[in-house]
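Thanks for coming, everyone. Please take a look at the sequence and the model on the screen.

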Amino acid sequence: MNHKTLPLTLLSASLAAASLTAASLTAASTVLAQESHLPDEPIRFVTPYPAGGSHSLHAGIITAVGEEFLGRSLISVIRGGGGGAVAAAEVAGSTPDGTMLLFGDPTINSLRPQVEDLPYEMDDFVPVARINYSPAIFVTTPEQPFQTIGELVEHAGDHPDEVIYSSDNRNGFTYTVFEMLKGAADVEMRGVELGGGGPAVTQLLGGNTMAYAGAPSVVGEHLEAGTLTGLCVTDIERQEAYPDIPTCQEEGYDVVFQFWRGVMAPAGTPDEVVAELSDGFERMTQNEGFLRLISQIGSDIQFQGHEAFAESLAAEQAALREAYLGE
């Protein structure tokens, strides 16, 4: 079978190469001594997907410990709907003073505004900090007739339109990696859009769908319990926590995609506020207690401050524009 290579792999390679620059490091004692530019009120930290997915798991930890590093309490707001568009539009239209932040990602902030008619645009946001990124792990249940990614592809080829998988939203994380797999393998499968990782896994475990691709923080506990089987991971190397799961490239399918989670503020937020928030999130991601909590959901940190994040975000948006629109 001839495997096709999609341009999106160029995007993920650039993201994997990004790293935290030493110039962005700031001593906590110095920053804390400075006068805050933030209003004296809580920060609403808006998660754009339903509870139970990777975003809400990460956001729960961030809002639980963030006050110590930002000097303001963080209120977790779960605002699902429209594949993230409802939350993004709400934050985009909020007062640009640092008191409402979006927990964004590449589909909400880089892809969908370029290919869909949404109530917000990419330029409605300014990047504050990238917290981390995750690959997707393609998974299935032990009861399915395929237990490797090659067997899934073969089954889909032999039974056109029979394979139904859990998806998130059109142009979302799972949607994108399955489109990449279908293109690379030249097969057809049908996705059922379920709005987020939590509902997607529930439907897979319930036998209503046959496969899924989600972040380690969502599928990890099920992999460890044996209720899900890992097929391949969309990274350039195997995950340390799951060394027996091959990369998709190892299995012959050039599917590489890393899904970042980052803090976005409304456009017009003052530079000094963005810098203060970025510094605070950086200190948080260096805290041992925070890192222990993150590791408990099978995740880790690949932080970028606001300047480095802005550069990688612009590169990502250009790569997606080229991949999807040929521009």
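In which sense do E1 and strand E2 pair, and over how many bridges? They pair in the parallel sense, over five bridges. E1 covers residues 43-47 and E2 covers residues 74-78.

Some ground rules before I go on. This is a predicted model, where local features need pLDDT of at least 70 and side-chain atom pairs count only at pLDDT 80 or more, while totals for chains, interfaces and linings use all residues. Residues are numbered from 1 along each chain as its sequence is written, and side-chain values use heavy atoms, with hydrogens and water left out.

Helices (H or I, at least four residues) and strands (E, at least two) are DSSP runs, numbered from the N terminus. Two strands pair if DSSP finds at least two bridges between them.

Back to E1. Ile43 stands opposite Leu74 in E2. E1 is also joined to strand E3, residues 100-104, by three bridges, and that pair runs parallel. Arg44 has Met100 of E3 as its bridge partner. How covered is E1? Four of its five residues are buried, so E1 is largely enclosed by the rest of the structure. Buried means under 20% relative accessible area, with exposed over 50% and partly exposed in between, using a 1.4 Å probe and protein chains only.

Now zoom out to the sheet. Five strands form an open sheet, in the order E2-E1-E3-E10-E4, with mixed pairing. E2 and strand E4 (125-135) stand at the edges with a single partner strand each, so one side of each has no neighbour in the sheet. On average, neighbouring strands here are turned by 20° against each other, direction ignored. For angles, axes are lines fitted to C-alpha atoms, for helices over the stretch in contact, and values run from 0 to 180 degrees between N-to-C directions.

Helix H11, residues 271-285, packs on this sheet. H11 touches E1, E3, E4 and strand E10 (258-266). Its direction makes about 20° with that of E4. Contact means heavy atoms within 4.5 Å.

Next, the other sheet. It is open and has three strands, ordered E8-E5-E9, with antiparallel pairing. Strands E8 (212-214) and E9 (229-233) are the edges, each pairing on one side only. Neighbouring strands of this sheet are turned by 30° on average, direction ignored. Four bridges join E5, residues 137-140, to E9. E9 is mostly covered, with four of its five residues buried.

Which helices pack on this sheet? Helix H9, residues 197-205, touches E5 and E8, and its direction makes about 145° with that of E8. Helix H10, residues 216-225, touches E5, E8 and E9, and makes about 40° with E5.

H9 and H10 also meet each other. Their axes come within 10 Å and cross at roughly 30°. That makes H9 roughly parallel to H10. The cut-offs: under 35 degrees is roughly parallel, over 145 roughly antiparallel, 65 to 115 roughly perpendicular, and the rest oblique. The crossing is right-handed. That term means the near helix is turned clockwise from the far one by less than a right angle; anticlockwise is left-handed. Gly197, Val201 and Leu205 in H9 meet Val218, Val219 and His222 in H10. Those contact residues divide into four nonpolar, two polar and no charged. Ala, Val, Leu, Ile, Met, Phe, Trp, Tyr, Cys and Pro count as nonpolar, Asp, Glu, Lys and Arg as charged, and the others, Gly among them, as polar.

One more helix pair. H3, residues 54-65, and H12, residues 288-295, have axes that come within 10 Å and cross at roughly 160°. That makes H3 roughly antiparallel to H12. This crossing is right-handed. H3 brings His58, Ile61, Ile62 and Val65, and H12 brings Phe290, Leu293 and Ile294. Six of these are nonpolar, one is polar and none is charged.

Last stop: helix H6, residues 106-115. Nine of its 10 residues are buried, among them Pro106, Ile108, Leu111 and Arg112.
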